[in-house]
Amino acid sequence: MKTISENTCFGGTQGVYAHDSAATGGEMTFGLFLPPQAKHGKVPVLWFLSGLTCTHENAMVKAGAQAHAARHGLALVFPDTSPRGAGVADDEAYDLGQGAGFYVNATQDPWAHHYQMWDYVADDLPAALADQPLDFDRQAITGHSMGGHGALTLAMGLAGRFSSVSAFSPICNPTHSDWGRKQMAAYLGNDESTWQAHDASLLMLQTGFEGPMLIDVGTDDQFMEELRPETLANAMAARRQPGVFRMQPGYDHSYFFISTFIDEHIAFHAAALA
């Protein structure tokens, strides 16, 4: 790994690093927060997947997660949202291409060569972190918007990997929303049966999640029609999934919303990882 920056933060270290990724075929940048407890041994890991247009930096800087992670002794991993670079396919729209990997393995041109974001988060980045003081037997995952979609689908798709999962304003039913159908068709092709493994509401009905879940959505979220949170709430109820689904009055889609409730999410994961 190449060190881009390291800063002391709440007694621990907030670092930014880059590494060559076999999954995406290029250099990827990510953030890693190690709490002070990591100086004495391995610590549990909480992954934070970010949303459309974001990089590794958005949640790292805006969510205010480090203070709470340090208190609970959790490491935080902030991956990027897509491959990047001059040779990486892109689109002029904000919701496709660089910054919008949707945490899938693309099968269609021109995306397939680099856009293997499922493999990157599931396999490639964990392998790059193997020498860090991280306890990979104790992992949890969270995310926002597109990253909430990624957190939920990875948690349900990788059975046994994560002890708990949470999400802020997740894209819950991408096979039936504009934030999803466009990207699934571009990355995975027109066979909609291949999309189902990346739809949290469908996965909830099919397999559910073996651990606890926490979902927060603001009632004033400006992208409610794209998120379709009611589909996940209904699927959780139908499956009798252990979890909490909260509609938070007055909150929108912003990091002001995330920073308000991040302490509760980190405490939720810390309890599951204890």
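These legends describe close-up views of a predicted model.

**View 1. The largest nonpolar core has 63 residues.** Four of its members touch the most other members: Ile141, Leu152, Leu154 and Tyr187.

**View 2. Tyr187 and its contacts beyond four places in sequence.** Tyr187 belongs to the largest nonpolar core. Its contacts include the glycines Gly97 and Gly101. Leu96, Ala100, Val104 and Ala106 are also in contact with Tyr187. So are the aromatic residues Phe102, Trp111 and Tyr115. Thr107 and Gln108 complete the list.

**View 3. A cis peptide bond joins Asp109 to Pro110.** Omega is near 0° for this bond. Pro110 sits in the loop that runs between strand 5 (75–78) and helix 3 (117–128).

**View 4. Ser145 has a positive phi.** The angle is near 60°, and the residue is not a glycine. Ser145 lies in the loop between strand 6 (134–143) and helix 4 (146–157). Its relative accessible area is 3%, so Ser145 counts as buried.

**View 5. Arg240 also has a positive phi without being a glycine.** Here, too, phi is near 60°. The loop that holds Arg240 lies between helix 8 (229–239) and strand 9 (243–248). Arg240 is exposed, because its relative accessible area of 75% is over the 50% cut-off.

Terms used: Residues are numbered from 1 along each chain as its sequence is written. This is a predicted model: local features need pLDDT of at least 70, side-chain atom pairs count only at pLDDT 80 or more; totals for chains, interfaces and linings use all residues. Side-chain values use heavy atoms; hydrogens and water are left out. A nonpolar core is a set of buried Ala, Val, Leu, Ile, Met, Phe, Trp, Tyr and Cys residues joined through side-chain atoms within 4.5 Å. Buried means under 20% relative accessible area, exposed over 50%, partly exposed in between (1.4 Å probe, protein chains only). Contact means heavy atoms within 4.5 Å. Helices (H or I, at least four residues) and strands (E, at least two) are DSSP runs, numbered from the N terminus.
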